Amino acid sequence: WAHQFEEGIQFITSALSKHPGDNWLLWMLAYLHTGIGENDKAIEIFRSRSAGSETNWMLGYAYGSAGMEDMARKILEVQLAKRKKLHVPAYMIAAIYMGLGDHEKALEWLQADYREGGLGLFFVGLKRDIKFEPLRGNPAFDKLLSCVKT
């Protein structure tokens, strides 16, 4: 949440040299690339993972942010269907909608996440999450932020 994306990329790249192919490290590296708008690079990294390489919620965000709406919507559909059977945090659905540029839907899902408990790692970091910067100044989003305890 410190917005030190370049430093994070260097650190994770170094860690990957010792643990090549580690799915968690690859996910973090791709996530950091989305933070600096390198969505094509993020997509490449997300897709290189051996787990969740085609359906990960952050891949959906990256596709949407890169203008690949059809690909993002496919992942959104997967996550919505999965949510009917398993716990998928509403926050993750909101992130995909942000990538697609649908701020209204993203906000609806963030509000749902809060109603559902909003205590997950990502929701707690909402005040500093760069994905949701475009919502700043929206009264409903600002009200939601005031409820986040950090």
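The following legends describe close-up views of a predicted model.

**View 1. Packing of helix 2 against helix 3.** Two packed helices are described by the angle between their axes and the distance between the axes. For helix 2 (residues 23-35) and helix 3 (residues 39-48), the axes come within 8 Å and cross at roughly 165°. Helix 2 is therefore roughly antiparallel to helix 3, and the crossing of helix 2 past helix 3 is left-handed. From helix 2, the contact involves Leu-26, Trp-27, Leu-29, Ala-30, Tyr-31, His-33 and Thr-34. These residues meet Asn-39, Lys-41, Ala-42, Ile-45, Phe-46 and Ser-48 of helix 3. Sorted by class, the residues of the contact between helix 2 and helix 3 comprise eight nonpolar, four polar and one charged.

**View 2. Packing of helix 2 against helix 4.** The axes of helix 2 and helix 4 (residues 57-65) come within 11 Å, with a crossing angle of roughly 30°. This angle makes helix 2 roughly parallel to helix 4. As helix 2 passes helix 4, the crossing is left-handed. Helix 2 contributes Trp-27, Tyr-31 and Thr-34 to the contact, while helix 4 contributes Trp-57, Met-58, Tyr-61 and Ala-62. Six nonpolar residues and one polar residue make up the contact of helix 2 with helix 4, and no charged residues take part.

View 3. Six aromatic pairs are found in a search of the whole structure. One of them joins Trp-24 and Trp-27 in a stacked arrangement, with 5.3 Å from centre to centre and 5° between the planes. Trp-24 and Trp-27 are three residues apart in helix 2, so about one helical turn separates them. An α-helix has 3.6 residues a turn, so residues three or four places apart point the same way. Trp-27 counts as buried because its relative accessibility is 6%, under the 20% cut-off. Ring pairs also join residues into a cluster consisting of Trp-24, Trp-27, Tyr-31, Phe-46, Trp-57, Tyr-91 and Phe-132.

**View 4. Packing of helix 4 against helix 5.** Helix 4 and helix 5 (residues 69-83) have axes that come within 8 Å and cross at roughly 155°. The two helices, helix 4 and helix 5, are thus roughly antiparallel. Helix 4 passes helix 5 with a left-handed crossing. The contact of helix 4 with helix 5 includes six nonpolar and three polar residues, with no charged residues.

View 5. Ile-75 lies in helix 5 and is buried, its relative accessibility being 3%. Apart from neighbours within four places in sequence, the contacts of Ile-75 are Glu-54, Thr-55, Asn-56, Trp-57, Leu-59, Gly-60, Tyr-63 and Ile-96. Gly-60, one of these contacts, is 15 residues from Ile-75 in sequence and 5.5 Å from it in space, C-alpha to C-alpha.

**View 6. Burial of helix 6.** Helix 6 (residues 90-100) is mostly covered, with 11 of its 11 residues buried. Among the buried residues of helix 6 are Tyr-91, Ile-96 and Met-98. Tyr-91 is also a member of the ring cluster, and Ile-96 is in contact with Ile-75. Gly-101, which follows helix 6, has a positive phi near 80°.

**View 7. Asp-113 in helix 7.** Asp-113 is located in helix 7 (residues 103-115). With a relative accessible area of 6%, Asp-113 is buried. The C-alpha atoms of Asp-113 and His-3 are 23 Å apart, and the two residues are 110 residues apart in sequence.

**View 8. Pro-134 in the loop between helix 8 and helix 9.** Pro-134 is placed in the loop between helix 8 (121-124) and helix 9 (139-147). At a relative accessible area of 49%, Pro-134 is partly exposed. Setting aside residues up to four places away in sequence, Pro-134 touches Met-98 and His-103. Met-98 is one of the buried residues of helix 6. Pro-134 and Ile-45 are 89 residues apart in sequence, with 25 Å between their C-alpha atoms.

Key:
Residues numbered from 1 in each chain as written. Predicted model: local features only at pLDDT ≥ 70, side-chain atom pairs only at ≥ 80, totals over all residues. Heavy atoms only, no water. Axes fitted to C-alpha atoms, helices over the stretch in contact; angles between N-to-C directions. Helix = DSSP H or I, 4+ residues; strand = E, 2+ residues; numbered from the N terminus. Parallel < 35°, antiparallel > 145°, perpendicular 65-115°, else oblique. Left-handed = near helix turned anticlockwise from the far one by under 90°. Contact = heavy atoms within 4.5 Å. Nonpolar A, V, L, I, M, F, W, Y, C, P; charged D, E, K, R; others polar. Phe/Tyr/Trp six-rings, centres within 6.5 Å; stacked < 30°, edge-to-face > 60°. Buried < 20%, exposed > 50% of the residue type's maximum accessible area, 1.4 Å probe, protein only.
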